[in-house]
Amino acid sequence: MKVAVSSSGQDLNSPIDPRFGRCAYFLVVETDDMSFKVFDNQSAALGGGAGIQSAQFVVSKGARAVITGNCGPNAVKAFSAAGTDVYLGNSGTVQEAVQKLKNGELTPAAKADVPEPIRSARESGMGRGIGMGGGNRMGRGGGSGGGMGMGRGPGRSGGR
């Protein structure tokens, strides 16, 4: 069986990277003979969606199980849809974790262990604020936050 492990390095003695979607590497290990392939995580630098992209990637490499430290809800949903088991809360080396899986010492996770990402006010369509300058001149606060800005000082507006 092929198992994908989030890794900080490029061999079986590398430590597990606790971040699934933003790990440095994925080691896809064949549990029968412990042969493996190393893949750079191309999704690690994404602004958003790294977990889903990473999940789709490891599934495309034939992984039927994933061993990692932490995993968010979107990636867990993607694994569930693909029929791929996820084993969370792991540490130690890649080799140790795969051996634990082979020995039946790991339990698949029922849900994510990282909360849903918090969307910013801009992403959710909120945050239409009013800016008002104080001091000697009127300010021009566009207001990217949710409240009213009251500027203070000579000719400067806090209105954000």
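Q: How many bridges join β1 to β2, and do they run parallel or antiparallel?
A: This is a predicted model. In it, β1 and β2 run antiparallel and are joined by six bridges.

Q: Which residue in β2 is the bridge partner of serine 7?
A: Serine 7 has tyrosine 25 of β2 as its bridge partner.

Q: And β1 to β4, parallel or antiparallel?
A: Parallel, with three bridges between β1 and β4.

Q: What about β4 and β5, how many bridges?
A: Three bridges, and the pairing of β4, residues 65-67, with β5 is in the parallel sense. Valine 66 has valine 86 of β5 as its bridge partner.

Q: OK, what is the strand order in the sheet?
A: The order is β3-β2-β1-β4-β5, in an open sheet of five strands with mixed pairing. At the edges are β3, residues 36-40, and β5, residues 85-87, each of which pairs on one side only. On average, neighbouring strands are turned by 20° against each other, with direction ignored.

Q: Which strands does helix α1 touch?
A: Helix α1, residues 50-60, packs on the sheet and touches β1, β2, β3 and β4. The direction of α1 makes about 30° with that of β2.

Q: Back to β1. How many of its residues are buried?
A: Five of the six, so β1 is largely enclosed by the rest of the structure.

Q: Now α3. Which of its residues are buried?
A: In α3, residues 94-102, the buried ones are Val94, Ala97, Val98 and Leu101.

Q: Where do they fall, seen down the axis?
A: The buried residues of α3 fall within an arc of 95°, so they line one face of the helix.

Q: What does that set pack against?
A: The buried residues of α3 pack against β1, β2, β4 and β5.

Q: What comes just after α3?
A: Glycine 104, which takes a positive phi of about 75°.

Q: Is cysteine 23 buried or exposed?
A: Buried, with a relative accessible area of 0%.

Q: And why does cysteine 71 count as buried?
A: Because cysteine 71 has 1% relative accessibility, and the cut-off for buried is under 20%.

How values were computed
Residues are numbered from 1 along each chain as its sequence is written. This is a predicted model: local features need pLDDT of at least 70, side-chain atom pairs count only at pLDDT 80 or more; totals for chains, interfaces and linings use all residues. Side-chain values use heavy atoms; hydrogens and water are left out. Two strands pair if DSSP finds at least two bridges between them. Helices (H or I, at least four residues) and strands (E, at least two) are DSSP runs, numbered from the N terminus. Axes are lines fitted to C-alpha atoms, for helices over the stretch in contact, and angles run from 0 to 180 degrees between N-to-C directions. Contact means heavy atoms within 4.5 Å. Buried means under 20% relative accessible area, exposed over 50%, partly exposed in between (1.4 Å probe, protein chains only). The arc is that of the directions from the helix axis to the C-beta atoms.
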